[in-house]
Amino acid sequence: MIELVRGENLSKSYNIKLSLTKSIKVKAVEDVSLSIIKNEVFGLVGESGSGKSTLGRLMLYMERPDSGKIIFKGLDLSKAKGEEVRTARRKMQVVFQNPDLSLDPRMRIYDTLKEALECCKYKGDFKERMKTVMEDVGLSVDALSMFPHQLSGGMKQRVALARAILAEPEFIVLDEPTSALDVSVQAQILNLLIELRKKLNLTYLFISHNLSVVSYVSDRVGVMYLGKLLEIGECDEVFNEPLHPYTKLLISSVPTLYMAKKFFAQNHSGVAENGDENVSGCRFFKRCPYAKDICKSKEPELKGDKHMVACHFA
Ligand code: SF4
């Protein structure tokens with residue numbers, strides 16, 4: 001197994017202004033290490049505010065970490081020179097949740113793709129490349145002359161995917177790529193992602209709050225809570241035999257709408273309580289039914305071989 005990208009001890013905080021005079025520091029990601037293997041789909045799950053998207057942007061080096069480093073194909077991006085970073089970044093792309101926000105409504109699809117090819121300094125024939133990627137994502141070349149508003153939601157997300165694969169990337173971060181789509185279209189996009197991964201030899205970091213979607217596409221999965229990874233393992237193993245109490249709660253919330261509603265109602269509307277600067281023990285302490293005294297004072301490390309878990313009693 002060859003490692004493609006690795007984040008080492010990544011931390012990232014933001015200052016959030018509460019009023020003119022008051023602001024708080026929120027730790028979005030804290031001391032997280034993650035290694036992604038070439039050609040795998042690594043799923044990242046967790047509630048809103050758990051730090052999934054921030055970790056995705058850090059892994060892409062779109063955002064610089066406050067501390068820690070990103071190693072892409074053996075290159076430490078924090079030490080690399082400008083052109084080295086730009087070359088590596090061209091091999092790393094992102095697809096966001098809402099194509100309406102990621103596509104310029106005033107630009108025809110042709111111009112959007114042309115701009116992306118210019119950006120990545122593509123040397124080949126632009127029209128040929130566009131034709132190839134449109135075929136790859138299942139769109140007719142006629143769509144090149146259209147504006148985004150003339151396309152359906154699924155077609156727009158296919159355009160966003162086409163733009164991401166234009167530069168022949170190796171690593172793509174998919175940040176909730178199907179959440180804004182109808183259920184029937186979601187399945188088509190998921191199947192397309194699986195096809196593209198095989199055909200183009202891609203590696204994905206797939207971010208979603210939807211466990212069913214993550215379990216459908218992922219080889220391995222990581223569970224995030226309040227800026228930390230609490231569990232990592234093979235997808236089947238984590239979903240069938242979860243070790244961390246938080247993963248168990250997340251999975252138990254899936255079967256019925258009633259259960260999910262009950263779980264989130266008991267646990268702050270499904271939004272992780274971020275910004276608690278005084279966490280000294282386990283982050284899940286306040287919500288954990290198995291918590292003991294040690295959990296309050298000592299933070300559990302993420303331990304294990306293939307199946308890793310951060311809990312004193314897992
Ligand atoms: Fe629960 Fe303690 Fe494990 Fe944290 S360390 S998940 S509080 S049992």
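This is a predicted model: local features need pLDDT of at least 70, side-chain atom pairs count only at pLDDT 80 or more; totals for chains, interfaces and linings use all residues.
**Ground rules.** Local features need pLDDT of at least 70, side-chain atom pairs count only at pLDDT 80 or more, and totals for chains, interfaces and linings use all residues. I number residues from 1 along each chain as its sequence is written, and side-chain values use heavy atoms, with hydrogens and water left out.

**Helix α4.** I looked up α4 (residues 109-119) and found I109, T112, L113, A116 and L117 buried (under 20% relative accessible area, 1.4 Å probe, protein chains only; exposed is over 50%, partly exposed in between). They sit on the same side of α4 because they cover an arc of only 135° around the axis, taken from the directions from the helix axis to the C-beta atoms. Helices here are DSSP runs of H or I, at least four residues, numbered from the N terminus. The buried residues of α4 pack against α5 (126-136) and α6 (153-165), with contact meaning heavy atoms within 4.5 Å. Just after α4, I noted K121 with a positive phi of about 55°.

**Helix α5.** Here R129, M130, V133, M134 and D136 are buried. Their arc is within 155° down the axis of α5, so they line one face of the helix. K127 and E135 are exposed on the other side of α5. I see α4, α6 and α7 (183-200) among what covers the buried residues of α5.

**Ligand.** I listed what surrounds the ligand, including H244, C282, C288, C295, C311 and H312 (a heavy atom within 4 Å).

Technical notes: Helices (H or I, at least four residues) and strands (E, at least two) are DSSP runs, numbered from the N terminus.
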